[in-house]
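Take a look at the structure below. Then follow the text from the sheets to the loops, and end with the whole chain.

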Amino acid sequence: MQTNSSKTQRKLSYAKALVEATDICMERDPKVIMFGLGVNDPKRIFGTVGNLPEKYGKDRIFDVPLSENALTGIAVGAATMGYRAILTHQRLDFALLSLDQIINNAAKWHYMFAGQWKCPIVIRMIIGRGWGQGPQHSQSLQAIFAHIPGLKVVMPATPADAKGLFIASVEDSNPVIFLEHRWLHYLEGEVPDGYYSLPLGKSQISLEGNSVTLVASSYMVYESYRAAEALKKIGISAEVINLQTVSPLDLETIIKSVKKTGHLVVADTGHASFGVPAEIISRVTENCFSALKSAPVRIACPDYPAPTTFALAKHYYPRSSDIAEAVLKILGESNGFEITNNLKNIEQSLRPDVPDLKFTGPF
Amino acid sequence: MIRVREFEETVATRYSEQEMRCPVHLSVGQEAPPSGLCEALAEKDQIFSHHRSHGHYVAKGGSLKKLISEFYGKATGCTRGVGGSMHAMDVDAGIIACTPIVGGIMPVAVGSAMAHKYDGNGIVTAVFLGDATLEEGVVHESFNFASLKKLPIIFFCENNFFSVYTHLRDRQPDRPLVDLAAAHKMDVYSVDGNDAVEVFRVSQLACESIRKGNGPVFIEAITYRWREHCGPNYDNDIGYRTEEEFQEWKKKCPVEKLTKQLLLEDKDAEEKIKKIHTKIRKEIEDAFQFALESPFPAKEELFKNLYAN
Ligand SMILES: Cc1ncc(C[n+]2csc(CCOP(=O)(O)OP(=O)(O)O)c2C)c(N)n1
């Protein structure tokens, strides 16, 4: 595995970073194929496929019938015979039709045949949010996949993550669930040129600090970052860990940070109960209970389906002010009103159902 | 017919105000299938549908006020704002449920039809599906079961040739869609889905057969969606179909076709249709007004209804 951060960087959107990553994978390995509903249609999966269908032709990149479960099994079959299949879903919710193939076949393929078959497939799923996506088009179910042994679950936050983790996912010999938050596709950031991969199962410290550890993945990295920036103003230095891979979990990085800060807040795009934060907090308490100076907190969506109307959605999704509030509370900091109020004001000035394009993240 | 057309066109026009903050899958061009079918259904009969359900909802007599309020995310909407445009319902009008996971509603409709058969209440269930829905496994499992149990259900397939931007020819081998249902041993019909009278006639035959206890019927109505898959615009310029193809279909406008048919039979038809137009426009205008004046749901609504009591 090659990680090379000294490469030339240039600004790229998350969507374009995915195009580039896919291109590199297909160029390097003729056995990489990609299919999914709409891969070659005019919208190109929200701009994440680019002109690759023209470049690689219909055998390697193809549109498909509306048959999620069968297509997943087809990916498993092709992978068994030495191909590397990338399967795309425009919403995670549609991929739920293929849970049978994902959980019963793909995840267990290597194990249940005693290591004689491999299943190198990447299943891209997009997590929707906003503009009335509602209960069946915006589920963030990483916890379900992370619960299944044999699957790897990746949730890139930045354009550079998207590229590096995607290449690593395609090169991995196991089924990888690659979760893209819809709002991140627009985001721009520095992305290394050329071949660039980030190891699966490793998290990254995206902001160093020593007062509190904020662990987040995907879109919540930005909310955490915004909270951290605001907290700086009253001398609280938060360490932000960008999970990158949800499963297998990089416990080492998290524990090291918690040992330094003594406080932990975990932010996630899923529902609160039985989720990724619950797992992280549980692992931390099992492994370094004595390092904790306060009870860890999770920030997540309520244990309710996502409502459609923005009148309710605005109360549904946790934001940076919730993270900041949690930090202030566990640190026993009483003069942070202004911080959370400022954040709330920013949040209220945005329509709650469209991405905040002003905040593109400093990394 | 006219109500569906006017309704969808008004939504298209007002969508750009950005206050209907949810996806809309319009059925302009596809008015005849639901209108013909729902004319044949009795008031107590029930329908289930999918993401493109407004036409079905309006044709079955659903409340315009409730649906438009739903688009605006208001507390007066069909699902109090929780479901949005893709989860239309109006129980009073027999519109039981619509859901946008393609194929997901099919077995639910079949189960509901089974319940009605047990209850012996004579209710006919109709479930709408698109051509692409036939590609999902659950559809075939539903066909099989409904046929096996001779359930009182119409599988009503609107073949508009597209799954978002992907043409039928790129998704299925060249064979009649009706063969898929026929293989499950049920009566099948394929009709010109831009001819409301034809759709009505065939739907009536289906209802009669079902009411006699002969089991499910599959109807394919061949039609065309005029506007983009999701949203208010035309998109013949983005490359997945041609302007010429669209114009060919536009010539077969189902509303004009019905108007012409009526004119042949009734010399006063034009005057009558005009009156209908005026009445419907007012009705739609009132419904929009109602929606705009309605309140948004309060925060507490978020935390309701997770479990039934
Ligand atoms: C299981 C699933 N996969 C994919 C989608 C995305 N999607 C929404 S509508 C649609 C096309 C459905 O085509 P069809 O059933 O023919 O109905 P039409 O849109 O033409 O009315 C697709 C693929 C979905 N909603 N559900």
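**A walk through two chains**

His89(A) stands opposite Met125(A), a residue in strand 5 of chain A. Strands (E, at least two residues) and helices (H or I, at least four residues) are DSSP runs, numbered from the N terminus. Two strands pair if DSSP finds at least two bridges between them.

The model is predicted: local features need pLDDT of at least 70, side-chain atom pairs count only at pLDDT 80 or more, and totals for chains, interfaces and linings use all residues. Residues are numbered from 1 along each chain as its sequence is written, chains are lettered from A and ligands numbered from 1 in the order in which they are written, and side-chain values use heavy atoms, with hydrogens and water left out.

Back to the sheet. Strand 4 (residues 84–89) and strand 5 (residues 121–127) of chain A pair in the parallel sense, over five bridges. They belong to an open sheet of seven strands in chain A, in the order 3-2-4-5-7-6-12, with mixed pairing. Strand 3 (61–62) and strand 12 (245–247) of chain A stand at the edges, each with a single partner strand, so one side of each has no neighbour in the sheet.

A cis peptide bond joins Ser247(A) and Pro248(A), with omega at about 0°. Most peptide bonds are trans, and most residues other than glycine have a negative phi.

Chain B has positive phi values to show. Gln18(B) is not a glycine, yet its phi is positive, about 65°. Gln18(B) is found in the loop between helix 1 (2–15) and helix 2 (32–40) of chain B. Is Lys185(B) buried or exposed? Lys185(B) is exposed, at 74% relative accessible area, whereas Gln18(B) is partly exposed at 44%. Buried means under 20% relative accessible area, exposed means over 50%, and partly exposed is in between (1.4 Å probe, protein chains only). Lys185(B) also has a positive phi of about 65° without being a glycine. Its loop runs between helix 7 (178–182) and strand 7 (187–192) of chain B.

Now turn to strand 3 (residues 125–130) of chain B. Six of its six residues are buried. Thr125(B), Val127(B) and Leu129(B) point one way, while Ala126(B), Phe128(B) and Gly130(B) point the other. Strand 1 (residues 46–49) of chain B pairs with strand 3 in the parallel sense over three bridges. There, Phe48(B) stands opposite Val127(B). Strand 4 (residues 153–159) of chain B also runs parallel to strand 3, joined by six bridges. Here Leu129(B) stands opposite Cys157(B).

Return to chain A for one more loop. Pro318(A) sits between helix 13 (310–316) and helix 14 (320–331). Pro318(A) is buried, at 7% relative accessible area. Not counting residues up to four places away in sequence, Pro318(A) touches Met220(A), Ile299(A), Ala300(A) and Cys301(A). Contact means heavy atoms within 4.5 Å.

Finally, step back to chain A as a whole. Its secondary structure comes to 15 helices and 14 strands. The radius of gyration is 20 Å, close to the 21 Å that the globule rule gives for 363 residues, so chain A is as compact as a globular protein of that length. This radius is taken over C-alpha atoms, and the rule is 2.2 Å times the number of residues to the power 0.38. Buried residues make up 61% of chain A.
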